[in-house]
Amino acid sequence: DLDKTIWDCYDAHGNDIWAKQMISPFKKSQNTIIDDVGSKCILKPGILDYLKWLKKKRIRIFYCSVGAYYNLPKKFQPSLMLLNKFGILKMFDLNSVLKYKDFDKNLFLKKVKDASLFFDDNDKIIKKASLIKNLRVYDAKEINDWKYLIKSEIC
């Protein structure tokens, strides 16, 4: 997952928004991207370190997100533009999934053959994904700092 899992996004007034609501052009400042109207996308603490650690261990990383803007070409999808601006899009496998909100993530997750970890913040999705045998499912709301997963060797 992306929204509320690897990043949080806020409008100029500090209200929660989805990444797909961010408007380019984007300016990056450390772990924050600011859009054209002052909205912010902030990477969760330690997520960059965790992704780098997984890559160093040669572990494949996918995202499965329902944060796509409907009918917008991939190159203009704000979530993909943000991943690219943060410099982490290249860390994810090309078979990752970014779909509109009516997509059932379990359609993707059931196709995963290898033992895998799955992180999400949505309780309904977590509950359904927990029924898939080869997945270890984590509630992203319970992760305060992704560096803890490195210390705990969770991969």
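**Core, sheet and a loop residue**

The largest nonpolar core has 32 residues, and W7, C41, Y50, L82, L83 and I88 have the most contacts inside it. By nonpolar core I mean a set of buried Ala, Val, Leu, Ile, Met, Phe, Trp, Tyr and Cys residues joined through side-chain atoms within 4.5 Å. Buried is under 20% relative accessible area, exposed is over 50%, and partly exposed is in between, with a 1.4 Å probe and protein chains only.

Two or more residues of this core come from each of β1, β5, α1 (47-56) and α2 (78-86). Of these, α1 gives the most, with five residues. Helices (H or I, at least four residues) and strands (E, at least two) are DSSP runs, numbered from the N terminus.

This is a predicted model: local features need pLDDT of at least 70, side-chain atom pairs count only at pLDDT 80 or more, and totals for chains, interfaces and linings use all residues. Residues are numbered from 1 along each chain as its sequence is written, and side-chain values use heavy atoms, leaving out hydrogens and water.

Now L83. Leaving aside neighbours within four places in sequence, L83 is in contact (heavy atoms within 4.5 Å) with L2, I6, W7, Y63, I88, L89 and F92. There is also a second, separate core of nine residues, including C64, V97, I125 and L135.

Next, the sheet. Five strands form an open antiparallel sheet, in the order β2-β1-β5-β4-β3; two strands pair if DSSP finds at least two bridges between them. The edge strands, β2 (16-17) and β3 (27-29), each pair on one side only. Strands β1 (residues 7-10) and β5 (residues 40-43) pair over four bridges, with D8 opposite I42.

Last, Q77, in the loop between β6 (64-65) and α2. Is Q77 buried or exposed? Q77 is buried, at 4% relative accessible area.
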